[in-house]
Amino acid sequence: MGDPIKIAVRPLVEYVFSSGSLESGFRSTGTMVEGTKAHQKLQKQYGELDQSEVYLSAEIPYGDLLFIIDGRCDGLLLSEEGTYTIDEIKSTAADIGLITEESYPVHWAQAKFYAYMHAKEHGIPTMNIQLTYVDLDVEEQKRFMQTLEFPELESFVYEVVKQYVPYAEMSQQHRLNRNQSILDLGFPFPGYRAGQRKLAGSVYKTIEEGVSLFAKAPTGIGKTISTTFPALKAIGQGLLERIFYLTARTTTRTAAEEAFVLMQSKGLHLHTVTLTAKEKICFQEKVSCRKEDCEYADGYYDRINGAVLDILSNETRMSRGVIEEYARKHRVCPFEFSLDVSYASDAIICDYNYIFDPRISLKRMFAEQKNQTALLVDEAHNLVDRAREMFSSTLNKLSFLDLKQEYKEVNSGIYDVTKAINAYFIKLRKQAEDKPLILKEPPVELIMLIESFVLQAEQELANTGFTEQNPLLLETYFAAQNFVRISKLYDERYVTYVEVIQQEVSIKLFCLDPSYLLGEVGKSFRSHIYFSATLSPLGYYRDMLGADEEDYSLSIPSPFSPEQLDVHLEPLSTRYHDREVTKSRLVQLLLELTTKRKGNYLFFFPSYAYMNQIYEAFMEKEPDARVLLQRGNLSEEERDGFLSAFDAENRRTLIGFAVMGGIFSEGVDLVGDRLTGVVVVGVGLPQIGLERNIIRDYFNEVGKDGFDYAYVYPGMNKVLQAGGRLIRSENDHGVIVLVDDRYLQPHYAALLPAEWRDRMVVGKGARDR
């Protein structure tokens, strides 16, 4: 008999009953905190002999396997007659009147396991099992009861375990192969680049100590392999069971996939899966998850266990293409399939939102799994603004006005509540007509109305189904759900603001400082590794990403020779009111640069408008130039076409006009002669606007430099990312031209990398200011 297989009750019964999340079918508007409060409120009503949150466990031998199964039951009740009852509490904002005794077999299964464990340990012949459903909104309760003899419980438990055995055997063998392959795995390159060993060692030490790391590691050092390799070694040493490689862009996701492929070619045996957005991987022309509309959704839970077992038994690298292949083979939804596979994988490559976004995070990850998981957060500078949006929520008046008119003669409940919400928006419009309305408190009255709307919409959708006849209701329902969800997170780090733009009135719960919520979401994970070439200034990112005092910081110097890079500063003013004056000098500068040395160039601008202005003037001067212009909303094929044009064998100079912070300024590798020079026009400051000014004012109030937090640091990060496209390897050479007189100011100059400052030559652009 091999090592015992430890598993909690919940994931075990979920796997066997294939019903997805334990809360499958529940569309709760509440947060986990609300659910916990509902549990605690019921538990306080227990009698003197009753117990709550009782830990239970049992050893269950099956063939050559030994299972150790454990969990906590919500309640263990003891009657005066000496009868024991397991109470399993489930909270939801859905209508519990629709729940029947047969609705959720997985809930009964969970309770039966707890009953078996207690009965086995104490020699109890008969157990009662009670399911208690609680409506979070009206606190209504509904209970179902069963009484089972111990042999019935034991038979049930062993039947469930029997169904789990094939997966357990596969998983146990995989784990043995994985760990041995990790122990045998050497660093997959002949040697470490300068700084690589230090970064890898810091990542391992951070995971070993169970803290977090904030690492500024320059472009070209090989950050992906320097973080994944030590994380895998931590798995081999039993410190971790899995890692998440979190990215903001498809390009960095590809780099992570390639790193695992490289290590697998060196003998690594590891289950890796890449999660792709539902809209991209769906087999249907129009995304619809109703079984009536999609053959891959119809009967999904009847086929998913076989599909998961098949792919995990035969594949290690589960890319999008592999997921799609097995999804078609087993006729299962490829998106849901990839999620189910991810819970059993060793390394998951995905977007930030699968961990941090309260709307779509992987909710079936249990606490014991998180404690054995490390998060590798690539290009972590992006997480600040991404987190702000994840923890914010907006509603618009016109959606409710349209629904009010649509449902006037159809559904009085929806009509009445949307009428009240529309009236509330009318009052807001009067208050915000002259200038945006900014409030430090949440809109309590509106939140109550939105909660009522969610209930009415939920009932309507349950009656009519999620059909094409009510897309506006469905869309507004999800927006309203998120608004209520975010309102539960509202604290002193939020403001509420109202804007009136033409006929539209919008209200936003705006998260100003996401650091606390990022910490709360991620605190159960063993370690967070935040890394980026532009995590500068480190103090700002530690502050905004929620660092604790014991967390580490690391800054690694550039590994490249100073002679590889020429840096020129042209102190022209690129401020909005000076752009027309300096336009001709800027165009002349660009022409001189590209004429003097043939090659491939990227010109980065702070906005599309400014980029187009200079592009048009440039083409007037040089109409035969070979030029590419970035447009908004490029498809993946168009993006790839743009980049593939930067060929080292180009005989004519190629110029790409692009925007800072866009898809071509981050995560793009144009190695060697594919890129000759980069011009960065401006200091990258975000456009002055309402939200940025609200952020500025907030940080001023809490004692920070608000302008730096709202404008300077995010802007200069874009500059560093754009300039970082140039030198990607030991063999690259090129020129960076910085165009803006503010680089002469000590405050801006100090935010540039030392290797740029040391090589900088100041031009004569000041004469045109």
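**Figure 1. Ring pairs join seven named aromatics, Tyr 601, Phe 603, Phe 605, Tyr 610, Tyr 615, Phe 618 and Phe 657, into a cluster.** The model shown here and in the other views is predicted. Tyr 610 belongs to this cluster and also meets a charge: the charged end of Arg 579 sits over its ring, 4.0 Å from the centre. Across the structure, the count of aromatic pairs comes to 38.

**Figure 2. Phe 699 and Tyr 709 form a tilted aromatic pair.** The ring centres are 4.7 Å apart, with 40 degrees between the planes. Phe 699 comes from helix 24 (residues 690-701) and Tyr 709 from helix 25 (residues 706-723), so the contact ties together parts ten residues apart in sequence. Both Phe 699 and Tyr 709 are buried.

**Figure 3. Arg 328 lies over the face of Phe 283.** The distance to the ring centre is 3.8 Å.

**Figure 4. The largest cavity has a volume of about 90 Å³.** Its lining counts 13 residues. Nearest the centre lie Cys 282, Cys 289, Cys 294, Cys 333 and Pro 334. By class, ten lining residues are nonpolar, two polar and one charged. The structure holds two cavities of 30 Å³ or more.

**Figure 5. The second largest cavity has a volume of about 50 Å³.** Lining residues are Glu 257, Phe 260, Thr 272, Val 273, Thr 274, Arg 317, Met 318, Ser 319 and Ile 349. Helix 7 (250-265), strand 9 (272-274) and strand 10 (317-318) each give two or more of them. Strand 9 gives the most, with three residues. By class, the lining has four nonpolar, three polar and two charged residues.

Technical notes: Residues numbered from 1 in each chain as written. Predicted model: local features only at pLDDT ≥ 70, side-chain atom pairs only at ≥ 80, totals over all residues. Heavy atoms only, no water. 1 Å grid on protein atoms, 1.4 Å probe; cavity = no way out; pocket = protein on both sides within 12 Å on 5 of 7 lines; lining within 4 Å. Points joined across faces, edges and corners; volume = space filled by probe spheres on them. Nonpolar A, V, L, I, M, F, W, Y, C, P; charged D, E, K, R; others polar. Helix = DSSP H or I, 4+ residues; strand = E, 2+ residues; numbered from the N terminus. Phe/Tyr/Trp six-rings, centres within 6.5 Å; stacked < 30°, edge-to-face > 60°. Buried < 20%, exposed > 50% of the residue type's maximum accessible area, 1.4 Å probe, protein only. Lys NZ or Arg CZ within 6 Å of the ring centre and 35° of its normal.
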